[in-house]
Amino acid sequence: MATTIAPPPVEIELEDLGRGGGGIPNLGWEGPGGPGEGAEGISDNRYRTGMWAALAGILMFFTAFISAYVVRKGLSNDWIPTSLPSLVWFNTLLLLASSLTLERSRHVLSDNSRFSRWWLLTTVLGAAFLVGQVVVWRQLIGDGVYISSNPSSSFFYVLTGAHGVHLSGGVFALGFLLFRNRQNPFGSVNRTPIDVVAIYWHFMDGLWISLLLLLFFWR
Amino acid sequence: MGEAVQAHSVHEAPAGFIRKYIFSYDHKVIGIQYYMLALFSVFLGMTLSVLVRLNLAWPGTEVPILGTIFPEGAPDGVMTPEFYLSMLTMHGTIMVFFVLTTAPQSGFGNYFLPIQIGADDMAFPTLNMLSFWVTFLSLVVMVAAIFVQGGAPISGWTAYPPLSALGEIAGPGLGTGQSLWILSVAIFCIASLLGAINFIVTTIDMRAEGMSMMRLPLTCWAWFVTAILALLAFGVLLAAGVLLLMDRHAGTSFFIPGGLVVSDKLIDHKGGSPLLWQHLFWFFGHPEVYIAILPGMGAASHILSTFCRKPIFGYKAMVYALMGIGFCSFLVWGHHMFMSGMSPYTAIVFSLTTTAVAVPSAIKTFNWLGTLWGARIQFTTAMLWALGFVSLFVTGGISGLFLNQPAVDVYLHDTYFVVAHFHMIMGVAAIFGIFGGTYYWFPKMFGRMLNETWGKIHFWITFVGVYAIFMPMHFLGFAGHPRRYAELTSFEFLEPLAAVQKYISMFAFTTIAAQFIFLAIFFWALFRGKKADINPWKATTIEWSVPTPPPHDNFGGEFPVVHRGPYEYSVPGAAEDFVPQTAPDVATAKS
Amino acid sequence: MFFAIIIWLITLVSVVLTVGKYWWLPELASEHGVALDRQFMLTLVVTGIIFVLAQVALGYLVVRYKDRPGRTADYSHGNDKLEVVWTLATAVVFFALVIPGQSIWASLHLIPPTEDVVRIEVTGQQFSWNIRYPGADGKFGQLKPELTDDSGGNALGLDPDDPASSDDLVVPVMAVPVNRNIELMLRSKDVTHAFFVRELRIKQDAVPGMTIPLRFKPTKIGHYEVACAELCGLGHHKMRSTIQILSDEDYASWLKDQAEE
C-alpha cells in the first residue's frame with residue numbers, strides 16, 4: 001500500500017528481538033505467530049470463541065444466582081421447599097429431546113430437506129418447553145405459590161425465569177437460522193452458525209438439568 | 001508495508017452520515033463515541049464533586065441555580081443532607097462506570113486494539129455498535145435518576161440493602177431514583193458483557209500473521225485481561241441487580257431480613273441477608289477496580305517505553321503480573337467486608353489473598369522503574385502523565401497495606417483514609433492513564449497534535465493538585481473522620497478537621513478548573529491543531545505505521561505482517577532508534 | 001529536573017505532615033488498641049519507607065536518564081534474576097508485615113468471652129443508638145418487632161409480658177466500667193449501621209437480622225463520642241451517641257441513676 005510508510009530495513013541480528021529475557025517460561029505463546037487470516041478469508045473461529053466467551057459470562061450470571069440460593073437457604077428459617085409440578089419433568093424431557101433432534105439435524109446437514117425437518121422439530125420442542133414452563137408457573141400461582149411467598153419459591157421463579165429468557169434467545173436463533181436456511185441452505189461447508197447455535201442450545205440444556213437438580217435435590 | 005496479506009474487509013466503508021458517525025460499525029468511530037461519552041460523564045461527575053466539596057467546606061452556601069433545578073433537594077439553593085448524599089452517590093457511580101470503565105477500555109481499546117494487532121475491525125462490529133448504544137441508554141437512565149421525584153438515590157455507589165431495598169420509606173431518592181439506578185447499572189452490565197466478548201475474541205482470533213500473544217503490545221494485554229475480568233464480573237453484578245429489583249418490586253426477601261422497623265413501621269419481609277448483597281457486589285466490585293486501572297497500566301507501559309526509547313523492562317514479567325492481578329482480583333472481595341459481620345476467620349483468608357495481589361502490583365512498579373533505568377527520556381506531555389501514573393500508583397497502592405489488615409482496618413474502615421486510597425489508585429491513577437493515552441494517541445485518532453505547552457501546564461496543575469487533595473484525606477482518616485458525612489457539625493472531634501476539608505475543597509476547585517484547560521486544548525486541536533504525521537512519536541507499534549487518521553479498514557486492504565516484539569527501541573545497529581513491528585526481517589543479510 | 005523537584009517536594013511535605021502528627025489517632029483507651037496502634041505504626045513505617053524510596057528513585061531516574069545530546073538508551077529487555085529477586089523480596093516484606101498482625105484480629109474476634117464479661121446490647125436505628133442494659137436479673141427481655149413504638153417510648157419493641165424485660169434499661173447513651181471485659185451485642189432495627197469509637201479502636205457494622213458481638217476492654221476513664229460509620233440514610237452524619245468509661249463505683253451509681261429516671 002502506498003499510503004503506509006515503509007519502515008527502514010534493519011541490519012542487525014534479530015535473534016533476541018521481542019523477547020523479554022530468557023528464563024521465564026512463555027506458556028507456548030511464542031510460536032510462529034498469530035492465527036492470521038486463513039485461506040478462506042475471515043476465520044470462522046471467532047464465532048466459536050465468541051460463543052464460549054458468552055457462555056462463560058452466562059455461567060457466572062447463573063453461578064451468582066446459585067450461590068445466592070445456597071447462602072440464602074443456609075441461613076434462613078423461612079424456607080418452605082417448593083414442590084415441583086410434575087409438568088416440569090415432562091418439560092425436561094422435551095428439552096432433552098430437542099438436544100437429540102438438534103444433533104440429528106447436524107448429522108444430516110448435507111441433506112437439506114432432512115436437516116430442515118429435524119431443525120424445525122428442535123425449534124418446536126424448544127418452544128414447547130418454554131410454553132410448558134409458563135404453564136408450570138401458572139400451576140404454581142394457582143396453588144398459591146407466588147414469587148414473594150418464600151425464598152424457595154422466589155428462587156424457583158428467578159432461576160426458571162432467567163433460564164427461560166436465555167432459552168428463548170436460543171429459540172429465536174433456531175427460528176432465525178431456519179428462516180435463513182430456507183433462503184440459502186447452509187450445507188456442510190458453511191456450517192459455523194449451525195454449530196455455534198448448537199453449542200448454545202446444548203449448554204442451555206445442560207444448564208437446565210443443573211438447575212433442576214438443584215431445585216429438586218436441594219429444596 | 002514490505003509484505004502484506006491480501007484480505008477482504010469485514011464490511012464495506014459506509015456511506016451517509018448516520019451510518020458513518022451515529023450507528024457506525026467502525027471500531028474507530030465507536031471508540032471515539034465511547035471516549036466522548038466518557039468525556040461528557042467525567043465533566044458531569046466533576047460537577048457533582050464540586051457540589052460535594054462545596055457542601056463539605058462551606059455548608060449552607062446558596063447556589064441559586066441549584067434551587068431552580070432542584071427545588072426539592074436544594075430549597076433556595078441550599079443543599080440538604082439528602083441532596084449531598086445523592087450527589088455523592090451519582091458522582092461515584094458515574095465516575096466508576098461511565099468514566100473509569102468506559103474511557104480506557106471501551107474508548108482507547110476499541111480504537112487501538114484492532115489496529116495494534118493488525119485487524120481491520122473488532123471481531124463483531126455489529127455487536128460492538130450495540131454495546132455502545134446500550135451503554136448510552138444506561139447513561140441516559142442513570143442521568144434520569146437525578147431528575148425524578150425524590151431525586152437520585154442516597155445509598156452510595158455500593159447500594160447496600162436494606163437501605164437500597166426498602167424504597168422511599170428509608171429515605172429520599174430511594175424510590176424511583178434507586179430503581180432507575182439499579183436498572184441503569186443492569187443495562188450497563190449487559191453492555192459491558194457484550195463489549196468484553198468482543199475484546200476477547202478479537203484478541204484471540206483476529207491477530208495478524210506474526211502477531212503471537214507474546215508480541216502483543218502491553219496495552220493489548222491489559223485490554224485482554226480487563227475484558228476477561230469484565231466478562232466474569234459483570235454477570236454477577238447483573239444477577240445481584242436482578243435480585244435487588246425483585247426485593248423492591250416483587251416482594252421477595254433476598255436481602256431484606258425479617259422484623260425490620262423503619263420510621264416506626266414494621267416491614268413485611270423476612271429472612272433475607274444484607275451480607276449476601278455485599279458478597280455479590282464486591283465479587284464484582286473488586287475486579288471492577290482492576291477493570292478501571294489495568295488499561296491505565298497498559299497505556300503507561302506503552303508510553304514509558306516509547307519515550308524512554310527503550311524496550312519495556314521485563315515484558316514477560318509484565319504480562320504475567322497482569323494475569324496475576326487479574327486472577328487474584330477474584331479472590332479478594334472480602335477485604336471490603338472486614339467490619340461487615342462476616343466470619344472473622346474468612347477475614348484472615350481475605351487478608352492474605354489481598355496481600356498476594358500486592359506482589360504483582362509491585363512487580364509492575366519495579367519494571368517501570370527498570371524501564372526508566374538507562375533510558376533516554378523525552379519529556380513529552382504523554383510521558384509526564386505516564387510518570388505521574390507511576391508515582392500515583394505507588395502512593396495509592398501502598399495505602400492498601402493498611403486496609404488489607406483486618407486489625408488496622410478496624411480503625412480506618414469507612415474513614416477518609418479509604419476515600420484517599422481508592423481515589424489515588426483507581427480514580428486519579430486511572431485518570432492519569434487516560435490522560436496519558438489521550439495526549440499520546442490524539443494525533444492518530446484525530447490527525448492533529450494537542451498543544452504540548454498547554455498540555456504540560458494542565459499536567460502540572462493536575463499532578464500537584466491531586467496530591468494536595470488526596471494526601472490530606474489520609475490524615476483525616478488518621479483522625480477517624482468517617483466518610484459520607486453530609487455535615488460535620490454533630491461531632492466534637494470533627495470540628496478541628498473542618499479546616500482541612502476547606503483546604504481540600506480549595507485545591508479541588510483549582511484542579512477541576514484546570515481540567516477546562518484540557519477541554520479547551522482538546523477542542524482547539526480538534527479543529528485547529530497542527531497536522532500530525534503518521535508517526536509523530538517515532539514509535540514501533542502498528543498504530544503508528546498506518547495513515548493518520550487510519551482508513552476505514554485500517555490497512556487499505558492489506559493486512560500487516562508482524563516480525564517482532566512491540567517495543568524495539570534503540571536497537572544497536574539499526575538505522576533509527578526504533579524498529580516497527582512490521583519492519584521486514586533482513587537479519588540474515590548480516591553476514 | 002523540574003519533575004524530580006516537584007515529586008521530591010511532594011514526598012517531603014507528605015512525610016513532614018505525617019511525622020508531625022498534626023492529624024492523628026486520638027489517645028488510646030482500650031487494651032487491644034495497644035497492639036493495634038503498634039501494628040498501625042509498623043505499617044506506616046514500612047509503607048513510608050517504600051513510598052519515599054519509590055518516589056525518590058522515580059525522581060532520580062528521571063533526572064539521571066533525561067535525553068541529552070549524545071545519549072543513547074540501553075538496549076535491554078530485562079533481567080530475570082532481578083525479577084525473581086524483587087518478586088521474592090516484596091512478597092517477604094508484605095507477608096512478614098501482614099501475617100503477624102493477624103494475631104491482633106484473632107484476639108479481638110476468635111477468643112471466646114470470659115465469664116465475667118459485661119454484656120450490653122446496642123441497637124442502631126435511623127438515626128440514633130439504643131443502648132440496653134439487662135438490669136438486675138442480668139437477662140435481656142424478649143423483643144417483638146411488632147410492638148415497636150418509637151413515639152410511645154418502646155423503641156426496641158420490648159415485650160412487657162416477659163418478666164425478664166421489666167428491669168431492662170434502654171438509654172440513648174452508654175457507660176461501661178473501666179478495666180472490665182465488655183461485650184457489645186450489635187443489632188439494627190432498619191438498615192446497616194456501624195458502631196465506631198475512635199479512642200477504643202473499635203468499629204463494627206450493626207446489620208439488621210444479625211446480632212454481632214464486639215468485645216473490648218476499656219483502660220482509661222473518659223467520655224468519648226460514638227459515631228455511625230456505615231451510610232444509613234440522610235441523617236447518617238448526626239447519628240451520634242456517647243460512651244463514658246467509669247470506675248466501678250461510678251458505673252454502679254450511673255446505672256442506678258438511669259434506672260430511676
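This is a predicted model: local features need pLDDT of at least 70, side-chain atom pairs count only at pLDDT 80 or more; totals for chains, interfaces and linings use all residues.
Mentor: Residues are numbered from 1 along each chain as its sequence is written, while chains are lettered from A and ligands numbered from 1 in the order in which they are written.

Trainee: What makes B:R309 count as buried?

Mentor: B:R309 has 24 C-beta neighbours inside 10 Å, and the definition asks for 20 or more, so B:R309 counts as buried. B:R309 lies in the loop between helix 9 (274–308) and helix 10 (315–328) of chain B, helices being DSSP runs of H or I with at least four residues and strands runs of E with at least two, numbered from the N terminus.

Trainee: What is noted about the phi of B:R309?

Mentor: Its phi is positive, about 55 degrees, although B:R309 is not a glycine. Most residues other than glycine have a negative phi, and most peptide bonds are trans.

Trainee: Why is chain C called more spread out than a compact globule?

Mentor: The radius of gyration of chain C, taken over C-alpha atoms, is 26 Å, well over the 18 Å that the globule rule gives for 261 residues, so chain C is more spread out than a compact globule. That rule is 2.2 Å times the number of residues to the power 0.38. Along its principal axes, the C-alpha trace of chain C spans about 90 × 40 × 35 Å.

Trainee: How many residues of chain C are in contact with chain B?

Mentor: 86 residues of chain C are in contact with 95 residues of chain B, a contact being two residues whose C-beta atoms, placed from the backbone, lie within 7 Å. Helix 3 of chain C gives the most to that side of chain C, with 14 residues.

Trainee: What is the peptide bond from C:Q126 to C:F127?

Mentor: That bond is cis, with omega near -5 degrees, and C:F127 is placed in the loop between strand 1 (118–125) and strand 2 (128–133) of chain C.

Definitions and conventions
A residue is buried if 20 or more other C-beta atoms lie within 10 Å of its own, exposed if 12 or fewer, and partly exposed in between; C-beta atoms are placed from the backbone.
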